[in-house]
Amino acid sequence: MAIIEIDNGSGFCFGVTTAIRKAEEELNKSGHLYCLGDIVHNTAEVDRLASRGLETITHEQLEQLHDVKVLLRAHGEPPETYETARRNRIEIIDATCPVVLKLQQRINTAFNTADPTNAPQIVIYGKRGHAEVLGLVGQTQGQATVIENIDEIDKIDYTRDIHLYSQTTKSVQEFQRIVEEIKRRVKPGVTFRSFDTICRSVANRIPQIREFARQHELILFVSGAKSSNGRILFAECLDANPNSHLVSNEDDIDPAWLAGKERIGICGATSTPRWLMQRVSDTVQQLTTN
């Protein structure tokens, strides 16, 4: 019989846990709550909360609401969202992750206290269009430059001072590669400052999840398709153990993967609920005992 193990280090990060707790507290009281965007990048968890009364809305829909409560998820929001809420008398339940909030404040301060005639470029290493990145760019009135990888650093003006920040869930190693390449390119007299703003509760999962992957013959990595963090962690699993497969839920499991495997590991992203990994584990148990 196969040994099936769920990684103890996988599951919701602190920010996501807090957002879901705040949503459930309000749902327990009123039975309904609006959430601006998916509360977490995991369809199964979004559907679970929707069944309890959590209604996901867009920014366009927010503009039409008045005198209601709206949850802001862990990813954070730009200043315009708070202005809309104030104007429409919307009560905000703010679940912005403290790590993201601190990063927003740091960027906002750098942008608003700089001499306008000699302001540094604010560069953000992150996924263009990601909810967190939109919130960060919003701190600069849309003026920040977003780079998704080292291949995009040609967008930077190396004759001007540069402040580099990172989306909280990006790769520490890739960030350091970008830092070194920018240092190599800056012109004499230009000031370059880099701020490693990557969340260590996420980054520290990488060595742990790599070790977990190496300990098993087969890895099932459970993650939603929208999860930026999930893509990073799955890549690490795949590098550590080529016999790793990405699944969104138990329906994605190919029984052929399980044949002859004695040690099967199940892990997931910071946006993956433990109950979903357990459901995958239960399905694997059934498939390997039939």
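Guide: A residue is called buried when its relative accessible area is under 20%, exposed when it is over 50%, and partly exposed in between, using a 1.4 Å probe and protein chains only. The model is predicted, so local features need pLDDT of at least 70 and side-chain atom pairs count only at pLDDT 80 or more, whereas totals for chains, interfaces and linings use all residues. Residues are numbered from 1 along each chain as its sequence is written, and side-chain values use heavy atoms, with hydrogens and water left out.

Let us begin with Gln139, which sits in the loop between α6 (131-137) and β7 (145-147); helices (H or I, at least four residues) and strands (E, at least two) are DSSP runs, numbered from the N terminus. Because its relative accessible area is 8%, Gln139 counts as buried. Its side chain makes a polar contact of 3.2 Å with the side chain of Asn108, a polar contact being a pair of N or O atoms within 3.5 Å, where within protein one must be able to donate a hydrogen and the other to accept it, and where residues adjacent in sequence count only if both atoms are side-chain atoms. Beyond its neighbours within four places in sequence, Gln139 is in contact (heavy atoms within 4.5 Å) with several residues, including Glu77, Pro78, Pro79 and Phe111.

Turning to helix α4 (residues 79-87), we find that its buried residues are Thr81, Thr84 and Ala85. They fall within an arc of 100° seen down the axis of α4, so they line one face of the helix; the arc is that of the directions from the helix axis to the C-beta atoms. These buried residues pack against β2 (33-36), α3 (59-64), β4 (69-72) and β5 (91-94).
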